[in-house]
Amino acid sequence: MNKVMLILVLLLVAAARAEAAERPTSLAPEGERPAHALWTLPITHGSLLLMGPFAGALHLALPVGTNLQVSDRSDLVIEVTPMYTRRRCSEDVGRCGTVRALKAYTGVAWTPWPGARGDGFFIQPKLGGMWSHAQDRPDGETVGPATRSTTGGQLTFGLDLGYRKTAPRSRSFLAAVIGAGVGYSWNQRREEVDLGAQYGISWGDAKRNGRIVDINMDILRFGFTF
């Protein structure tokens, strides 16, 4: 009888161990690639917000991006940034007023050699657009309501190159990115190469239609995976 009981106990222990081994755990293995990511771009927009009072301007923006896994090596990337910029009128400023803008990009990020937790070098072709509405005053007028209103937009095709690194024992990550895009602008006060126009602070004095070149100034992404 004792031998039978011992055999039964051993069989129950073996079955329990087998069930535990097959049961999925709540924690993902260290090397498993996360399915999605959420991130923001605070460097350039944050710098403009902090420096704005010294330059007589106010810049507000909420840049948000997400990666949605498509395959082991590719993600669908969506980025949206609403912006508001106001330039204070003074005798030293030729043109002042407000600009409301909305930027949106989408593309596919491809990671040729994916590392642990989605880390690694990635290539991201993207298609983007921007809508802007500017209200400003003619040169020299610093009081009264805005007398000129301009609504414009642009469409660009670009390419970003970057590298993502996730913090040890954490889901937060940092991605360094460089890139550029080419496209066409309609009815915007911007030059062909105009870094400020991407943030509602254009360099152009007259509205124009024509070819444009944009440089990606949002060189760092901060986010987390889930």
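The model is predicted, so I kept to its limits: local features need pLDDT of at least 70, side-chain atom pairs count only at pLDDT 80 or more, and totals for chains, interfaces and linings use all residues. Residues are numbered from 1 along each chain as its sequence is written, and side-chain values use heavy atoms, without hydrogens and water.

I looked up Leu76, which lies in strand β4 (strands are DSSP runs of E, at least two residues, numbered from the N terminus), and found it partly exposed at a relative accessible area of 30%. Leu76 is one of the residues in a nonpolar surface patch of about 630 Å², and β4 gives this patch its largest share, three residues.

Entry on the salt bridges. I count a salt bridge when a side-chain nitrogen of Lys or Arg is within 4 Å of a carboxyl oxygen of Asp or Glu, and my search of the whole structure returned six. Lys126 and Asp160 meet at 2.9 Å, N to O, which links strand β6 to strand β7 across 34 residues. Asp160 also bridges to Arg221, with the closest N and O atoms 3.8 Å apart; Arg221 sits in strand β10, 61 residues from Asp160.

Definitions and conventions
Patch = residues over 30% accessible without salt bridge, like charges linked within 9 Å, V, L, I, M, F, W, Y side chains within 5 Å. Areas by Shrake-Rupley, 256 points an atom, 1.4 Å probe, with all protein chains shown as cover. Helix = DSSP H or I, 4+ residues; strand = E, 2+ residues; numbered from the N terminus. Buried < 20%, exposed > 50% of the residue type's maximum accessible area, 1.4 Å probe, protein only.
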